[in-house]
Amino acid sequence: MLRRSPEQPGQAPVPVAPAAPFFHPHECLRARRLRQRGLRAKDLEGHTVGVQRDYEYGEEFDVNTRIRRHVVDKNEYGFRMLMAGRIEYMAAEQRIAQALFRSKADEFAGRFTLVGTVATPDLFIAFSKSAPDSREMLARFNEGYDKLRNSPRYKQIEERWFK
């Protein structure tokens with residue numbers, strides 16, 4: 001997560017981040033059948049968990065070397081491995097998983113149980129700290145994003161893509 005701090009003379013500029021998170025992803029954990037509910041990263045030690053390449057799942061999960069990760073190129077591949085019993089769990093962002101289950105309902109709908117959450121970070125968009133117009137772009141983004149979030153259009157976007 002980006003943290004803002006005042007710039008000091010002679011220091012590199014701090015990252016330029018919006019005032020509000022872009023969204024709050026929920027990195028959820030699924031299994032083929034109910035094992036336990038409320039699982040967290042620590043509970044996965046010694047278990048095989050599918051994860052998508054280049055995704056982050058929260059510090060507690062990402063630094064835990066006792067979790068056996070199986071890296072896949074797409075969440076879809078991980079859920080297929082879960083169905084085949086090749087992994088015990090699949091970690092995926094809640095809304096992305098739901099969209100996948102809807103788009104491939106014949107293959108995935110109703111086949112997995114939500115058993116835990118490994119992270120719920122705030123996700124921000126960052127602007128270049130070295131570009132001369134970053135602060136202006138940030139101000140424009142904050143203004144536009146605030147208008148969008150407070151408009152009916154935002155709800156329509158959420159309904160179409162994330163419900």
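Visitor: In what order do the five strands of the open sheet stand?
Guide: In this predicted model, five strands form an open sheet whose pairing is mixed. The edge strands, each pairing on one side only, are β3 (68–72) and β5 (113–119). Neighbouring strands are turned against each other by 30 degrees on average, direction ignored. Read across the sheet, the order is β3-β2-β4-β1-β5.

Visitor: Which residue in β4 stands opposite Val49?
Guide: Strand β2 covers residues 48–52 and strand β4 covers residues 89–93. These two strands run parallel and are joined by two bridges. The residue of β4 that stands opposite Val49 is Tyr89.

Visitor: What angle does the direction of helix α2 make with that of β4?
Guide: Helix α2 spans residues 75–84 and packs on the sheet. The strands that α2 touches are β1 (27–31), β2, β3 and β4. With the direction of β4, that of α2 makes an angle of about 155 degrees.

Visitor: Is α2 roughly parallel or roughly perpendicular to α3?
Guide: Helix α3 (residues 94–103) lies across β1, β4 and β5, running at about 105 degrees to β4. The helices α2 and α3 pack with their axes 11 Å apart, at an angle of about 75 degrees. Angles of 65 to 115 degrees count as roughly perpendicular, so the relation of α2 to α3 is roughly perpendicular.

Visitor: How many nonpolar residues does the contact of α2 with α3 have?
Guide: From α2, the residues Asn75, Glu76 and Phe79 take part, and they meet Ile96, Ala97, Leu100 and Phe101 in α3. One residue of this contact is polar and one is charged. The number of nonpolar residues is five.

Visitor: What covers the buried residues of α2?
Guide: The buried residues of α2 are Asn75, Glu76, Gly78, Phe79, Met81 and Leu82. Asn75, Glu76 and Phe79 also meet residues of α3. The cover of the buried residues includes β1, β2, β3, β4, α3 and α4 (105–108).

Visitor: Where is Gly85, which takes a positive phi?
Guide: The phi of Gly85 is about 80 degrees. Helix α2 consists of residues 75–84.

Visitor: Which backbone nitrogen does the side chain of Glu88 reach?
Guide: Glu88 is found in the loop between α2 and β4. The side chains of Glu88 and His47 are joined by a polar contact of 2.7 Å. At 2.8 Å, the side chain of Glu88 also reaches the backbone nitrogen of Thr48.

Notes:
Residues numbered from 1 in each chain as written. Predicted model: local features only at pLDDT ≥ 70, side-chain atom pairs only at ≥ 80, totals over all residues. Heavy atoms only, no water. Pairing = 2+ DSSP bridges. Helix = DSSP H or I, 4+ residues; strand = E, 2+ residues; numbered from the N terminus. Axes fitted to C-alpha atoms, helices over the stretch in contact; angles between N-to-C directions. Contact = heavy atoms within 4.5 Å. Parallel < 35°, antiparallel > 145°, perpendicular 65-115°, else oblique. Nonpolar A, V, L, I, M, F, W, Y, C, P; charged D, E, K, R; others polar. Polar contact = N/O pair within 3.5 Å; in protein donor to acceptor, adjacent residues only side chain to side chain. Buried < 20%, exposed > 50% of the residue type's maximum accessible area, 1.4 Å probe, protein only.
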